[in-house]
Amino acid sequence: MTERGPAPGPCLLLLLGTLVSGVHLQVNNSSEKALVYRPVLQPSESVPPTANYKLRTRDGTPCIRATLGAEFMVLDQKTWYFNLDPSRVRMSGYCGKNSALLSLTLPDNAASLLFYFTKEKKVFYVTKITAHLSPLPICKNCTNRTYTGLVDHEKLFVSKGIHSFRCNSESLLHLSSELRLKLVPLKMQAFTLVKGRYGKEVECWADYNKRVIPIIIGAAVVGLLLIALITYIVIRDRRRTEYESL
(Lines give C-alpha, C1' and ligand atoms only; values in the text may rest on other atoms or scores of the structure.)
Protein backbone atom coordinates (compact mmCIF):
# COMPACT_ATOMS: atom_id res chain seq x y z
CA MET A 1 0.00 0.00 0.00
CA THR A 2 1.30 3.42 -0.93
CA GLU A 3 1.10 6.09 1.71
CA ARG A 4 0.26 9.64 0.82
CA GLY A 5 2.24 12.45 2.30
CA PRO A 6 0.57 15.25 4.25
CA ALA A 7 -1.56 17.67 2.26
CA PRO A 8 0.05 21.04 1.58
CA GLY A 9 -0.73 23.55 4.29
CA PRO A 10 -2.42 26.93 3.83
CA CYS A 11 0.92 28.76 3.87
CA LEU A 12 2.26 26.69 0.95
CA LEU A 13 -0.94 27.19 -1.02
CA LEU A 14 -0.81 30.91 -0.35
CA LEU A 15 2.78 31.00 -1.62
CA LEU A 16 1.79 29.12 -4.79
CA GLY A 17 -1.12 31.47 -5.34
CA THR A 18 1.23 34.42 -5.05
CA LEU A 19 3.85 33.04 -7.43
CA VAL A 20 1.59 31.63 -10.15
CA SER A 21 0.04 34.35 -12.31
CA GLY A 22 -3.74 34.17 -12.63
CA VAL A 23 -4.21 31.76 -9.70
CA HIS A 24 -6.46 32.75 -6.84
CA LEU A 25 -7.11 30.92 -3.55
CA GLN A 26 -10.73 30.02 -3.02
CA VAL A 27 -12.45 28.09 -0.20
CA ASN A 28 -14.27 24.98 -1.37
CA ASN A 29 -17.18 23.19 0.30
CA SER A 30 -14.90 21.13 2.54
CA SER A 31 -13.41 24.32 4.02
CA GLU A 32 -9.98 23.44 2.61
CA LYS A 33 -7.91 25.84 0.56
CA ALA A 34 -7.96 25.04 -3.16
CA LEU A 35 -6.18 26.60 -6.08
CA VAL A 36 -8.65 28.01 -8.58
CA TYR A 37 -7.65 29.76 -11.79
CA ARG A 38 -8.94 33.32 -12.04
CA PRO A 39 -7.85 35.79 -14.73
CA VAL A 40 -6.20 38.96 -13.47
CA LEU A 41 -7.17 42.13 -15.31
CA GLN A 42 -4.38 44.54 -16.23
CA PRO A 43 -4.62 48.36 -16.38
CA SER A 44 -2.67 48.56 -19.65
CA GLU A 45 -2.70 46.43 -22.76
CA SER A 46 0.08 44.37 -24.27
CA VAL A 47 0.49 42.27 -27.40
CA PRO A 48 -1.37 38.96 -26.85
CA PRO A 49 0.62 35.75 -27.39
CA THR A 50 -0.13 33.96 -30.66
CA ALA A 51 -0.96 30.26 -30.78
CA ASN A 52 -1.93 27.66 -33.37
CA TYR A 53 -5.09 25.62 -32.88
CA LYS A 54 -6.06 22.62 -35.00
CA LEU A 55 -9.31 20.72 -34.49
CA ARG A 56 -9.74 17.24 -35.95
CA THR A 57 -12.72 15.05 -36.71
CA ARG A 58 -13.19 11.69 -35.00
CA ASP A 59 -11.21 9.97 -37.73
CA GLY A 60 -8.30 12.38 -37.21
CA THR A 61 -8.88 14.59 -40.25
CA PRO A 62 -8.11 18.30 -39.61
CA CYS A 63 -11.27 20.36 -40.08
CA ILE A 64 -10.50 23.70 -38.40
CA ARG A 65 -7.22 25.52 -38.13
CA ALA A 66 -6.72 28.89 -36.47
CA THR A 67 -3.72 31.03 -35.61
CA LEU A 68 -4.54 33.96 -33.38
CA GLY A 69 -3.82 36.12 -30.39
CA ALA A 70 -6.82 37.20 -28.28
CA GLU A 71 -7.21 40.11 -25.90
CA PHE A 72 -10.30 40.66 -23.74
CA MET A 73 -11.14 44.30 -23.01
CA VAL A 74 -13.40 44.94 -20.01
CA LEU A 75 -15.11 48.31 -19.63
CA ASP A 76 -15.85 48.66 -15.91
CA GLN A 77 -15.15 52.12 -14.45
CA LYS A 78 -12.16 52.15 -16.82
CA THR A 79 -10.76 49.85 -19.50
CA TRP A 80 -9.07 46.66 -18.29
CA TYR A 81 -7.20 44.08 -20.34
CA PHE A 82 -6.60 40.34 -20.27
CA ASN A 83 -4.65 38.29 -22.81
CA LEU A 84 -5.68 34.71 -23.48
CA ASP A 85 -2.83 32.45 -22.35
CA PRO A 86 -2.39 29.65 -24.94
CA SER A 87 -0.57 27.41 -22.41
CA ARG A 88 -3.76 27.20 -20.32
CA VAL A 89 -6.28 26.90 -23.17
CA ARG A 90 -8.36 23.76 -23.58
CA MET A 91 -9.51 23.31 -27.16
CA SER A 92 -12.68 21.48 -28.18
CA GLY A 93 -15.46 21.69 -30.75
CA TYR A 94 -16.99 19.76 -33.62
CA CYS A 95 -17.11 19.70 -37.40
CA GLY A 96 -20.23 19.00 -39.43
CA LYS A 97 -20.97 19.17 -43.13
CA ASN A 98 -22.08 22.82 -43.09
CA SER A 99 -21.41 23.96 -39.53
CA ALA A 100 -18.48 23.77 -37.16
CA LEU A 101 -17.38 25.06 -33.76
CA LEU A 102 -14.00 25.93 -32.29
CA SER A 103 -14.10 26.37 -28.51
CA LEU A 104 -11.21 27.79 -26.48
CA THR A 105 -11.66 27.72 -22.70
CA LEU A 106 -9.53 28.38 -19.63
CA PRO A 107 -9.39 26.21 -16.47
CA ASP A 108 -12.32 26.35 -14.04
CA ASN A 109 -14.39 27.97 -16.81
CA ALA A 110 -12.63 31.26 -16.06
CA ALA A 111 -12.95 32.39 -19.68
CA SER A 112 -14.15 31.11 -23.02
CA LEU A 113 -14.01 32.08 -26.68
CA LEU A 114 -16.19 30.25 -29.21
CA PHE A 115 -16.19 30.56 -33.00
CA TYR A 116 -19.19 29.22 -34.94
CA PHE A 117 -18.46 28.49 -38.62
CA THR A 118 -20.97 28.16 -41.45
CA LYS A 119 -20.46 26.82 -44.97
CA GLU A 120 -22.61 27.92 -47.91
CA LYS A 121 -21.67 26.16 -51.15
CA LYS A 122 -17.95 26.94 -51.48
CA VAL A 123 -17.88 29.88 -49.06
CA PHE A 124 -17.16 29.61 -45.34
CA TYR A 125 -17.32 32.30 -42.66
CA VAL A 126 -17.79 32.86 -38.93
CA THR A 127 -21.43 33.59 -38.22
CA LYS A 128 -21.25 33.86 -34.43
CA ILE A 129 -18.67 34.56 -31.71
CA THR A 130 -19.42 34.24 -28.00
CA ALA A 131 -17.12 34.96 -25.09
CA HIS A 132 -17.12 35.27 -21.32
CA LEU A 133 -14.57 36.29 -18.72
CA SER A 134 -14.74 35.73 -14.93
CA PRO A 135 -11.76 37.65 -13.52
CA LEU A 136 -10.69 38.60 -10.04
CA PRO A 137 -12.61 41.66 -8.79
CA ILE A 138 -11.08 44.92 -9.95
CA CYS A 139 -10.93 46.29 -6.39
CA LYS A 140 -10.71 44.93 -2.86
CA ASN A 141 -14.37 45.45 -1.97
CA CYS A 142 -15.76 44.80 -5.46
CA THR A 143 -17.98 41.78 -6.05
CA ASN A 144 -17.19 38.92 -8.41
CA ARG A 145 -18.48 39.56 -11.91
CA THR A 146 -18.70 37.63 -15.16
CA TYR A 147 -18.56 39.63 -18.36
CA THR A 148 -20.29 38.07 -21.38
CA GLY A 149 -21.01 39.06 -24.93
CA LEU A 150 -21.50 37.91 -28.51
CA VAL A 151 -21.79 38.89 -32.13
CA ASP A 152 -24.42 36.94 -34.03
CA HIS A 153 -25.92 36.67 -37.52
CA GLU A 154 -22.76 38.05 -39.10
CA LYS A 155 -20.49 37.05 -41.98
CA LEU A 156 -17.04 37.46 -40.50
CA PHE A 157 -13.68 36.34 -41.89
CA VAL A 158 -15.11 35.18 -45.21
CA SER A 159 -13.12 32.91 -47.52
CA LYS A 160 -13.78 30.50 -50.38
CA GLY A 161 -13.01 26.87 -51.10
CA ILE A 162 -9.63 25.75 -49.83
CA HIS A 163 -8.43 29.31 -49.19
CA SER A 164 -7.66 30.65 -45.72
CA PHE A 165 -8.58 34.01 -44.22
CA ARG A 166 -5.74 36.20 -42.90
CA CYS A 167 -5.68 39.54 -41.10
CA ASN A 168 -2.50 40.90 -39.52
CA SER A 169 -4.31 44.12 -38.59
CA GLU A 170 -6.34 44.33 -35.40
CA SER A 171 -9.86 42.88 -35.54
CA LEU A 172 -11.87 44.62 -32.81
CA LEU A 173 -15.28 43.12 -31.99
CA HIS A 174 -17.89 44.76 -29.74
CA LEU A 175 -19.44 41.84 -27.87
CA SER A 176 -21.41 43.89 -25.33
CA SER A 177 -21.39 47.27 -23.61
CA GLU A 178 -18.79 45.95 -21.16
CA LEU A 179 -16.79 43.47 -23.21
CA ARG A 180 -14.66 43.87 -26.32
CA LEU A 181 -12.51 41.32 -28.09
CA LYS A 182 -9.35 42.08 -30.04
CA LEU A 183 -7.91 39.43 -32.36
CA VAL A 184 -4.39 40.10 -33.62
CA PRO A 185 -3.09 38.52 -35.72
CA LEU A 186 -5.77 36.25 -37.14
CA LYS A 187 -5.63 33.41 -39.63
CA MET A 188 -8.21 30.64 -39.97
CA GLN A 189 -9.68 28.04 -42.26
CA ALA A 190 -12.53 25.58 -41.78
CA PHE A 191 -14.10 22.49 -43.35
CA THR A 192 -11.51 21.75 -46.07
CA LEU A 193 -7.80 21.69 -45.25
CA VAL A 194 -5.62 19.88 -47.76
CA LYS A 195 -3.16 17.76 -45.77
CA GLY A 196 -4.06 19.86 -42.71
CA ARG A 197 -2.34 22.92 -44.15
CA TYR A 198 -3.56 26.44 -44.78
CA GLY A 199 -4.62 27.22 -48.33
CA LYS A 200 -3.89 30.37 -50.31
CA GLU A 201 -4.56 33.43 -48.18
CA VAL A 202 -7.44 35.87 -48.60
CA GLU A 203 -6.43 39.08 -46.84
CA CYS A 204 -8.76 41.37 -44.91
CA TRP A 205 -9.63 44.89 -46.09
CA ALA A 206 -7.46 46.50 -43.40
CA ASP A 207 -4.38 44.65 -44.63
CA TYR A 208 -5.29 45.40 -48.24
CA ASN A 209 -5.63 49.11 -47.52
CA LYS A 210 -2.32 49.20 -45.64
CA ARG A 211 -0.64 47.58 -48.61
CA VAL A 212 -2.36 49.41 -51.46
CA ILE A 213 -2.89 52.95 -50.12
CA PRO A 214 0.85 53.75 -49.77
CA ILE A 215 1.33 52.56 -53.38
CA ILE A 216 -1.51 54.82 -54.57
CA ILE A 217 -0.17 57.79 -52.62
CA GLY A 218 3.34 57.15 -53.93
CA ALA A 219 2.08 56.91 -57.50
CA ALA A 220 0.10 60.15 -57.06
CA VAL A 221 3.16 61.96 -55.71
CA VAL A 222 5.29 60.70 -58.62
CA GLY A 223 2.54 61.79 -61.04
CA LEU A 224 2.45 65.30 -59.57
CA LEU A 225 6.24 65.57 -59.78
CA LEU A 226 6.16 64.48 -63.43
CA ILE A 227 3.46 67.04 -64.21
CA ALA A 228 5.49 69.75 -62.48
CA LEU A 229 8.63 68.72 -64.37
CA ILE A 230 6.87 68.62 -67.74
CA THR A 231 5.27 72.01 -67.05
CA TYR A 232 8.67 73.48 -66.16
CA ILE A 233 10.28 72.11 -69.35
CA VAL A 234 7.44 73.42 -71.56
CA ILE A 235 7.59 76.91 -70.03
CA ARG A 236 11.39 77.00 -70.27
CA ASP A 237 11.37 75.94 -73.93
CA ARG A 238 8.65 78.48 -74.75
CA ARG A 239 10.63 81.32 -73.19
CA ARG A 240 13.76 80.23 -75.03
CA THR A 241 11.87 80.30 -78.32
CA GLU A 242 10.54 83.80 -77.58
CA TYR A 243 14.06 85.09 -76.82
CA GLU A 244 15.42 83.63 -80.05
CA SER A 245 12.68 85.29 -82.08
CA LEU A 246 13.57 88.67 -80.58
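## Close-up views of a predicted model

View 1. Residues are numbered from 1 along each chain as its sequence is written, and side-chain values use heavy atoms, with hydrogens and water left out. Phe191 is in the loop between strands E14 and E15 (201–203). Helices (H or I, at least four residues) and strands (E, at least two) are DSSP runs, numbered from the N terminus. The phi of Phe191 is near 75°, a positive value in a residue that is not glycine. Most residues other than glycine have a negative phi, and most peptide bonds are trans.

**View 2. Here is the whole protein chain before we zoom in again.** The protein chain has two helices and 15 strands. How many of its 246 residues are buried, as a percentage? The buried share is 37%. The protein chain exposes about 15500 Å², and 57% of that comes from carbon and sulfur atoms. These accessible areas come from the Shrake-Rupley method with a 1.4 Å probe; for residues, only the protein chains shown count as cover. Take the contacts between residues at least 6 apart in sequence: 54% of them join residues at least 24 apart. A contact means heavy atoms within 4.5 Å.

**View 3. His153 also has a positive phi.** His153 is not a glycine, yet its phi is positive, at about 55°. Look for His153 in the loop between strand E10 (147–151) and strand E11 (156–160). Is His153 buried or exposed? With 70% relative accessibility, His153 counts as exposed.

View 4. The bond from Val184 to Pro185 is cis, and its omega is near -10°. You can find Pro185 in strand E14, which covers residues 179–190.

View 5. Strand E8 (residues 111–120) has 10 residues and seven of them are buried, so the strand is largely enclosed by the rest of the structure. Strand E7 (residues 99–105) runs antiparallel to E8, and seven bridges join them. Two strands pair if DSSP finds at least two bridges between them. In this pairing, Leu102 stands opposite Phe115 in E8. E7 and E8 form a hairpin with five residues between them, and Asp108 in the turn has a positive phi of about 60°. Now turn to strand E9 (residues 123–133), which pairs with E8 in the antiparallel sense over 10 bridges. Here Lys119 has Phe124 in E9 as its bridge partner. The hairpin of E8 and E9 has two residues between the strands, and Lys121 takes a positive phi near 55°.

**View 6. Cys63 and Cys95 are joined by a disulfide.** The structure holds three disulfides, a disulfide being a pair of cysteine sulfur atoms within 2.5 Å. In the link of Cys63 to Cys95, the S to S distance is 1.8 Å. Cys63 lies in strand E4 (residues 62–76) and Cys95 in strand E6 (residues 90–95), so the pair ties together parts that are 32 residues apart in sequence. The torsion about the S-S bond of Cys63 and Cys95 is about 70°, so this disulfide is right-handed. Cys63 counts as buried at 3% relative accessibility, whereas Cys95 counts as partly exposed at 26%.

**View 7. Cys139 and Cys142 form another disulfide.** Their S to S distance is 1.6 Å. The torsion about the S-S bond of Cys139 and Cys142 is about 90°, so the link is right-handed. Cys139 is partly exposed at 35% relative accessibility, and Cys142 is partly exposed at 23%.

**View 8. Cys167 pairs with Cys204.** Their sulfur atoms are 2.1 Å apart in this disulfide. The pair links distant parts of the chain, 37 residues apart: Cys167 is in strand E12 (residues 164–167), and Cys204 is in the loop between E15 and helix H2 (205–245). The link of Cys167 and Cys204 is right-handed, with 70° about the S-S bond. Both Cys167 and Cys204 are buried. Counting bonded cysteines along the chain, the disulfides follow the pattern 1-2, 3-4, 5-6.

Note on methods: Predicted model: local features only at pLDDT ≥ 70, side-chain atom pairs only at ≥ 80, totals over all residues. Buried < 20%, exposed > 50% of the residue type's maximum accessible area, 1.4 Å probe, protein only.
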